[in-house]
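Okay everyone, thanks for coming. Let me put the model up and talk you through a few parts of it.

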Amino acid sequence: MTVDGAHNGGHWGGHRTTAALPPVPPVAVASAALTVRAGAASDAGRMRPVNEDTALAGPGVFAVADGMGGHAAGDVASALAVAALERLGGRPGLVPQDIRDGIARANRDILAAASADRARTGMGTTLAGVGVVRVAGTEHWAVFNVGDSRVYRFMAGALTQITVDHAADTPGRRGVITRALGTDPAPQADLWVFPPTPGERFLICSDGLPLELADGEIAAVLGAEPAPLEAAEQLVRRAVAAGGRDNVTAVVVDNVTAAATGDVAALVTAPIAVPDDPDVGVDTTAPRRRA
């Protein structure tokens, strides 16, 4: 896989006390089978002095990590999680195992950092994203998550949440996270692998976005704004304007590969099962919504 353009993505976020963070310029990743463009934006919101979110805008892997609210050094945890995945960026021939290894390494790095500094004891983070991997000689998407950060797919005007929130509803308060990085034993990550469809768009976001915007408004923005960077910026601006009760981060990833002749819908198949990993469990069942 090669990077098309001077900018090759990167991660940012955390360690910031300003209300707004600069967006990442769009990145184009090209290969024989798949061309991807992405843009990202983030804001601390109106209620929190520090942005504990960290985003990764390629190449090859796109992700959002949300440092756990109320935990020590959540911004450090989210930065470590993204850094572990960033090491995969640009590496040719990624496979699902590489994604699993990156998530497992992120968990180990967070535990090691917490052990080395008592002030960071208990820090943790969610992690969600999309990676480009090779399966049976062809490129596929690998969608993954731990916690309640989300990955949505937008196609033909329809918005679908692919990931499943790892959170339990509690009366009178927001959902309590049931899985997060920074725990021993390592949390079970969900991972789905499926072939790409030209024209599809993915949204990766921290929970501060759906906290403020309904699915219909998210879909309206994704359908109206063709540029991934501008779409990400607009989603974040709207969420902050709607209340901004939490940090808000959005990464928009577009599959701009030219469609081959024939029925594009025929390219969509069931998720491919991949073996379990000893460090990070993998759920390869079909995507579903939490009840």
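Strands here are DSSP E runs of at least two residues, helices are H or I runs of at least four, and both are numbered from the N terminus; pairing takes at least two DSSP bridges between two strands. This is a predicted model, with local features needing pLDDT of at least 70 and side-chain atom pairs 80 or more, while totals for chains, interfaces and linings use all residues. Residues are numbered from 1 along each chain as its sequence is written, and side-chain values use heavy atoms, leaving out hydrogens and water.

Back to that pair: I204 has V251 as its bridge partner in β15. Strand β4 (residues 35-43) also runs antiparallel to β15, joined by eight bridges, and there D43 is partnered with V248.

How many residues of β15 are buried? Eight of eight, across residues 248-255; buried means under 20% relative accessible area with a 1.4 Å probe, protein chains only, exposed is over 50%, and partly exposed is in between. V248, A250, V252 and D254 point one way, with T249, V251, V253 and N255 pointing the other.
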